[in-house]
Amino acid sequence: MPHNTTVIAVSKGQPVSAITPLLLSGHRHFAENRVQEAEEKWPALKTRYPDVVLHMIGPLQTNKARKAVALFDVIQTLDREELAKELAKEMARQGRDLPCFIQVNTGQEPQKAGVSPQHAADFLKYCREIHGLQVTGLMCIPPAEENPAPHFAFLNELARRLGLRDLSMGMSKDYETAKRFGATYVRLGQAIFGERQG
Ligand SMILES: *Cc1c(COP(=O)(O)O)cnc(C)c1O
């Protein structure tokens, strides 16, 4: 099935001086993985470039929900009930109905965030029916040591089954594969900015 893939520039660890040239060239989708870092860099940039779409791609603590809803435009790491509840509460309070992606732990890694694949359907229902969240897609980070292709294929199939249109999958080293498996968003850090320090 033909689809468009939007490139998200992952600007974590990058100074504003590295981000500005991309904004000047017209790029508008960016991602950060920490609320505090986003808060230091983005409010000023968003004043100058109001059409920026800032994606949250890191683990989100419930006590950061207020700031996250104010700063970000898409939440890609929705993965548990208390977080759904806090995000919904803040969105109502701030009058911001942000699109959310459910993060799925496709590799079932104990240390990794994300709902387990078998709970995705129930969790989607919970987010929508109990909290009215606008869930539009799924996101995954496959295990670092594995071939990502089966994970991307699986996420695509799961999204199709759940009737979700967006698939955020693929990073610098595997985005071509992710595109082949239907990614609508790829998240590129080092491929755009070069190697990160640390
Ligand atoms: C850092 C990060 C990326 C980008 O990784 P690169 O290898 O630099 O492309 C993508 N997704 C998430 C969730 C990340 O934390």
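The model is a predicted one, in which local features need pLDDT of at least 70 and side-chain atom pairs count only at pLDDT 80 or more, whereas totals for chains, interfaces and linings use all residues. Residues are numbered from 1 along each chain as its sequence is written, and side-chain values use heavy atoms, with hydrogens and water left out.

For S172, a polar side-chain atom is 2.4 Å from a ligand oxygen; for K12, the separation between a polar side-chain atom and a ligand oxygen is 2.7 Å.

Helix α1 spans residues 16–24, and its buried residues are I19, T20, L22 and L23. Here helices (H or I, at least four residues) and strands (E, at least two) are DSSP runs numbered from the N terminus, while buried means under 20% relative accessible area, exposed over 50%, and partly exposed in between (1.4 Å probe, protein chains only). Viewed down the axis of α1, these buried residues fall within an arc of 165 degrees, so they line one face of the helix; the arc is that of the directions from the helix axis to the C-beta atoms. An α-helix has 3.6 residues a turn, so residues three or four places apart point the same way. On the other side of α1, S17 and L24 are exposed. The partners against which the buried residues of α1 pack are β1 (6–10), β2 (29–32), α2 (35–48) and α8 (190–193), with contact taken as heavy atoms within 4.5 Å. Just after the helix, G26 adopts a positive phi of about 105 degrees.

The discussion now turns to charged pairs. A salt bridge is a side-chain nitrogen of Lys or Arg within 4 Å of a carboxyl oxygen of Asp or Glu, and by this rule the count comes to 15. E32 and K41 form one of them, at 3.0 Å from N to O, and both E32 and K41 are buried. These two residues also belong to a network of salt bridges that links E32, R34, E37 and K41. Another pair joins D79 to R80 at 2.9 Å, N to O; D79 counts as buried at 15% relative accessibility, whereas R80, at 25%, counts as partly exposed.

In the loop between β5 (99–103) and α5 (120–130) lies Q108, which has a positive phi of about 50 degrees although it is not a glycine. Q108 is partly exposed, with a relative accessible area of 45%. N105 lies in the loop between β5 and α5 as well, but N105 counts as buried, at 7% relative accessibility. A polar atom of the N105 side chain lies 2.7 Å from the backbone oxygen of E109. E109 in turn forms a salt bridge with K112, the closest N and O atoms being 2.8 Å apart. Of this pair, E109 is buried at 14% and K112 is partly exposed at 23%. Not counting residues up to four places away in sequence, N105 touches K112, A113, G114, V115 and P117.

T77, in strand β4 (residues 74–78), is buried, with a relative accessible area of 1%. A polar atom of its side chain lies 2.9 Å from the backbone oxygen of G58.

A144, by contrast, is exposed, with a relative accessible area of 57%. A144 is placed in the loop between β6 (134–139) and α6 (149–162).

Key: A polar contact is a pair of N or O atoms within 3.5 Å; within protein, one must be able to donate a hydrogen and the other to accept it, and residues adjacent in sequence count only if both atoms are side-chain atoms.
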